[in-house]
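Please look over the sequence and the structure shown below before reading on.

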Amino acid sequence: MSDSASMTTTPPITIEHTPGQLSLTLSGVLDLRTTPEVLDQLAHIHKPLPKLIRADLSAITGMDDCGALVIFQLRRMAEKHGCELELAGTPAHVRDLLAFLRVDDPPRSAGAKRPRPGIMTRFGMKTIQVWDQSGRHVSFVGEVTVTLLSLLRHPGRLRLGDTVLYMQRVGVDALPIVGLISFLLGLIMAFMSAVQLQQFGANIYVASLVALAMVRELGPIMTAILVAGRSGSAFAAEIGTMKVSEEVDALVTMGFRPAMFLVAPKIIASVLVVPLLAMYSNIFAIAGGLLIGVTTLDLTVNAYMAQTMSTLTIFDINWGLFKSAIFAVLISTVGCFKGYQVRGGAASVGKATTSAVVTGIFLVILVDSILAVILRYWRP
Amino acid sequence: MSQEAVISARGLTMGFGDLILMESLNFDIHSGEIFVILGGSGCGKSTLLKHLVGLYKPMAGKITIAGMVLDPDNDDSFKRILSRIGVMYQGGALFSSMTLGENVALPITEYSNLKGAAVEELVSLKLRQVGLEGFEHHLPEELSGGMKKRAAIARALALNPEILFLDEPSAGLDPISSAELDTLILRLNRTLGTTFVVVTHELSSIFTIAERVIMLDKETKSIIADGDPHELKNASDHPYVRQFFNRQPEMER
């Protein structure tokens, strides 16, 4: 404590250059605080070096393994410039430390550095990885499918408590955010379209636009995106962390099938509640449109609702619900799959979580587009 | 070795919410000592350790380290205390995204003026001390449990702290590595004068390294033994303490 101040003022090394000999005197404490400066001074001794380096260690009062770096440095200097190194007056404690650190043992090589692959190698590795992963994805989907089908025959095997819990986490807990976002979405859609439609005196069609856009497309999509962000990520993080802490291994050795124990409740819960969430989202969006219709477009509540009802068909609603169910399967399967891919530690869990959300949303949009094309040719 | 107390606890009460684990503990840990905290499973040894390093706040009482009151809310003094201590956690707590070498180098590059090559050399010296030389570029996930423990000790040693806290260092190690670890602790204690505070169950390890032990008791929520383990083994007036050191099961009493 008190000696740290004096240490900084008097460097623990003095260097004397006499013809034919380089004399070094080390003194005081050689530790993490003082060693960097000593190493620095040693590195700046001007070359060429004389034939003999003589280091006097007798005045060293304390030394730790960091101080031992000085000895290493001296040895390297001597070896490099072909001179002789003489360590004089080594105190017992220093000798003790050097023996403990086995300084005479040749340093074992640190092993191959992690290779930093070139761009082509990385491209190739990534390609192989994607190929590899798609194989694993297929087998995962297969396993999950078999598990779900086996549930049809033995419904009792489903962990009901877990399923209800996930229904709450995915569905009930998401109600506030889904409600708020949908309400604002409906409001904005009505507001923006009103400006255009008003020019043609077509105010009433604001109701049709909001209802149709929400029920057929935006309701299921917005809900899916929110669920991917809230629950897909949670699934990946949960299973990933279980993987890291060997909980998944424990399940396997206890005779449980992880697909049945962990994945099935999540998928079934999602499939049950996400369509309901989408429905709920539609209602709030229509309420948002209604608010704009009544306040700025001089529509009555009755007229707005009548127009909404006459626009929507049962098919539209069913189609929206069907899409939501598909999205729910995609999001929950991807979330669980990414969780399964986790290997190693915390960083890997983070990657899996991000990937679960990104892949989930991507698949939702992709499948939605495909369904839109199918619908176009099925019911022109 | 001086008899000056480097850590002292006065009236330390710890617990969570309504649960009180230990009540008004008083003990001193002297500078340069190897001090072992003992007790049955679940009595709060690791919790006590976490109190001593400032991760948990005591319900009552105070802890002094190197003359400074341990107060995690006081940035200035807490930082000065932290610069004097090193902690090894039960599970290793190595950063999984970094290689072993990077794990050990992190505190060295952050808190010293050493340059690149010297840091690497020091890191390999640290790893040599724990018998892991040559594993610089391995990721923690590629190591066995025992190797992770030793790597964690190397990281705790990085800045040569005055006080080293080890939470179950030899649990899960084979007898040879465990004995090597004991030797390492003794050597560090002799060569660098490091004070050790160790939580452990390994009887052989306790008898080899411990200069002083305290034993915590769950029932009375207090310290039931304090002293040299060799003496306590036969001379303690507390049956539980003798039972512990002689490794006797509960029913044989």
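## Terms and salt bridges

A salt bridge here is a side-chain nitrogen of Lys or Arg within 4 Å of a carboxyl oxygen of Asp or Glu. This is a predicted model, in which local features need pLDDT of at least 70 and side-chain atom pairs count only at pLDDT 80 or more, while totals for chains, interfaces and linings use all residues. Residues are numbered from 1 along each chain as its sequence is written, chains are lettered from A and ligands numbered from 1 in the order in which they are written, and side-chain values use heavy atoms, with hydrogens and water left out.

Over all chains, a search of the whole structure finds 19 salt bridges. One of them joins the side chains of A:D31 and A:R33 at 3.8 Å, N to O. Burial is judged by relative accessible area, where buried means under 20%, exposed over 50%, and partly exposed in between (1.4 Å probe, protein chains only). A:D31 counts as buried because its relative accessibility is 16%, whereas A:R33, at 56%, counts as exposed. In another salt bridge, the side chains of A:R159 and A:D162 meet at 3.1 Å, N to O; A:R159 is partly exposed at 33% relative accessibility, and A:D162 is partly exposed at 21%.

In chain B, the side chains of B:D226 and B:R212 form a salt bridge of 3.1 Å, N to O. This pair links distant parts of the chain, with B:D226 in strand 10 (residues 222–227) and B:R212 in strand 9 (residues 212–217) of chain B, 14 residues apart. Helices (H or I, at least four residues) and strands (E, at least two) are DSSP runs, numbered from the N terminus. B:D226 counts as partly exposed at 41% relative accessibility, while B:R212 counts as buried at 14%.

The side chain of B:R212 also makes a polar contact of 3.3 Å with that of B:E33. A polar contact is a pair of N or O atoms within 3.5 Å; within protein, one must be able to donate a hydrogen and the other to accept it, and residues adjacent in sequence count only if both atoms are side-chain atoms. B:E33 lies in the loop between strand 2 (19–30) and strand 3 (34–39) of chain B, and its relative accessibility of 7% means that B:E33 counts as buried. Leaving aside residues up to four places away in sequence, B:E33 touches (heavy atoms within 4.5 Å) several residues, including B:D28, B:N189, B:F196 and B:R212.

## Domains of chain A

The domain assignment of chain A gives domain 1 (2–100), domain 2 (115–154) and domain 3 (158–377); such bounds come from an automatic or database domain assignment. Taken over C-alpha atoms, the centres of domain 1 and domain 2 of chain A are separated by 57 Å.

## Where the chains meet

The size of an interface is often given as the accessible area lost when the parts come together. Chain A and chain B bury about 2,700 Å² between them, 57% of it on carbon and sulfur atoms, where buried area is the accessible area (1.4 Å probe) that two parts lose on being put together, summed over both. A:L32, A:F100 and A:R114 supply 25% of the area that chain A buries against chain B, more than any other three residues. In this interface, 34 residues of chain A are in contact with 32 residues of chain B.

Between chain A and chain B there are four salt bridges, and one salt bridge joins the side chains of B:E121 and A:R76 at 2.7 Å, N to O. The largest share of the side of chain A that touches chain B, four residues, comes from helix 3 of chain A.

## Buried parts

A nonpolar core is a set of buried Ala, Val, Leu, Ile, Met, Phe, Trp, Tyr and Cys residues joined through side-chain atoms within 4.5 Å. The largest nonpolar core has 82 residues, and among those that touch the most other members are A:L24, A:L69, B:L114 and B:F245. Helix 3 (residues 68–81) of chain A gives the largest share of this core, eight residues. Apart from this core lies another, of 39 residues, among them A:V144 and A:L330.

Helix 1 (residues 45–52) of chain B has six of its eight residues buried, so this helix is largely enclosed by the rest of the structure. Just after helix 1 of chain B, B:G54 takes a positive phi of about 85 degrees.
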